[in-house]
Amino acid sequence: RYRARRMIRGWTYSKEKSAFSKLGRGLSNDYGFVYAIRIEVAQGFTLLKIGATRNPSARFSLFNKRTATLFCVSPAHTNFWENEEILHKAFSKYRVPARPGKGVQAEFFNLSMPYFLEHLPSLNYST
């Protein structure tokens, strides 16, 4: 069975969304996570979705196994919404613009997971 691994700055990553099934259990609703997911949007073309959630397991269950191929999650903290905004600003030049008639796609970025991790800004994880 594939196990989640710890990465830079306390983040956890896995190719299996099931590796996050217990993440966040027992925490109050004040806590959450920021995450990045590599999603294949067309054959051979991937985008990174950067978001925030209180429940990574439930959030990741929305992504189908064929399209979501790598999951990366921060440590639990209370200022997860603020950290999501910091990440969106830090990678804003890679943000995918909205498609006409499809609404804003503010959480999709044209960058790789290795680039994201290498350029991850320092974040404060309040507890």
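This is a predicted model: local features need pLDDT of at least 70, side-chain atom pairs count only at pLDDT 80 or more; totals for chains, interfaces and linings use all residues.
Residues are numbered from 1 along each chain as its sequence is written. Local features need pLDDT of at least 70 and side-chain atom pairs count only at pLDDT 80 or more, while totals for chains, interfaces and linings use all residues; side-chain values use heavy atoms, without hydrogens and water.

Select Lys49 and Glu107. Their side chains form a salt bridge, 2.2 Å from N to O (a side-chain nitrogen of Lys or Arg within 4 Å of a carboxyl oxygen of Asp or Glu). Lys49 is in strand β4 (45-53) and Glu107 in the loop between α2 (80-90) and β6 (108-109), so the bridge ties together parts 58 residues apart in sequence (helices, H or I, have at least four residues and strands, E, at least two, as DSSP runs numbered from the N terminus). Lys49 is buried at 5% relative accessible area, whereas Glu107 is partly exposed at 22% (buried is under 20%, exposed over 50%, partly exposed in between, with a 1.4 Å probe and protein chains only).

Next, select Phe60 and Phe71. The structure holds eight aromatic pairs (Phe, Tyr or Trp rings, the six-membered one for Trp, with centres within 6.5 Å; planes under 30 degrees apart are stacked, over 60 edge-to-face, the rest tilted). The ring centres of Phe60 and Phe71 are 4.8 Å apart and the planes at 35°, so this pair is tilted. Phe60 belongs to helix α1 (56-60) and Phe71 to strand β5 (68-73). Phe60 is buried at 0%, and Phe71 is buried at 2%.
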